[in-house]
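Here is a short note on the charged side chains, written to be read with the model open beside you.

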Amino acid sequence: MSASMVTPVEPIPFITRSAPFDSPEWLFEPLYDGHRAFLHLDAECHVVPAGEHSIPGLEELEARLAAVAPRIGGAVLEGLVLSLDRQGAPLRGAAPGEGFPAFAAFDLPWLETDLRSYPLVHRRAALAGLLPTDTGPLFKIFALQEHGRALFAAARRMDLDGVMARRLSDPYGRESVWYIIPNPAAGQREAALDPFARREPSRRHRRVPAE
């Protein structure tokens with residue numbers, strides 16, 4: 001079935017959590033400065049923003065993705081639209097046209113059939129099978145089971161936005177719990193250079209206290 005015939009995928013809202021944690025039942029992924037979006041793959045590549053904000057440079061990104069994306073009957077990947085520097089590192093607060101556009105995938109709610117009822121561990125395995133090799137325009141976000149505190153410490157050293165935390169047993173639905181654990185020091189180097197610089201939030205989330 002073509003990805004264009006898929007029932008629209010409603011993005012799971014992120015919940016902001018203040019402190020990192022460890023648990024073997026959870027998967028932890030680095031959080032980059034980007035725009036949340038869905039990549040629809042069938043005969044063509046289409047990137048659809050997950051929120052109400054438009055994403056600049058989608059035509060260039062779709063052209064780059066078309067050259068490397070697998071040719072399959074239909075798939076929907078969820079991820080972040082990023083801008084990369086010449087070394088392949090994500091840029092923070094990139095202006096339109098700055099860097100090289102890329103799609104960093106972290107979920108696969110559809111692969112020739114609806115995978116939303118399957119647990120995250122199954123969907124991540126399917127994503128790895130779909131994208132066995134990472135490329136510049138299209139790659140999988142690194143994932144680490146259990147060791148959320150260690151990944152958060154690494155994210156702080158790399159000046160990333162923070163960490164995502166998702167339960168391995170959860171399906172893709174409103175009952176699932178997805179945390180964002182932000183790095184409070186993210187972007188302070190740029191702020192020190194330009195104290196008037198501001199970024200528009202690109203992800204939907206609500207805040208809850210840490211457990």
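1. First, some ground rules. This is a predicted model, in which local features need pLDDT of at least 70 and side-chain atom pairs count only at pLDDT 80 or more, while totals for chains, interfaces and linings use all residues. Residues are numbered from 1 along each chain as its sequence is written, and side-chain values use heavy atoms, with hydrogens and water left out.

2. The structure holds 12 salt bridges (a side-chain nitrogen of Lys or Arg within 4 Å of a carboxyl oxygen of Asp or Glu). One of them joins Arg124 to Glu29, at 2.8 Å from N to O. Because Arg124 belongs to helix α2 (residues 120-130) and Glu29 to strand β2 (residues 23-31), this pair ties together parts 95 residues apart in sequence. Helices (H or I, at least four residues) and strands (E, at least two) are DSSP runs, numbered from the N terminus.

3. Glu29 also pairs with Arg166, with the closest N and O atoms 2.8 Å apart. Arg166 lies in strand β9 (residues 162-167) and Glu29 in strand β2, so the parts tied together here are 137 residues apart in sequence.

4. Glu78 in strand β5 (residues 75-84) and Arg36 in strand β3 (residues 35-41) are 42 residues apart. Glu78 counts as buried because its relative accessibility is 0%, and Arg36 counts as buried at 5%.

Definitions and conventions. Buried < 20%, exposed > 50% of the residue type's maximum accessible area, 1.4 Å probe, protein only.
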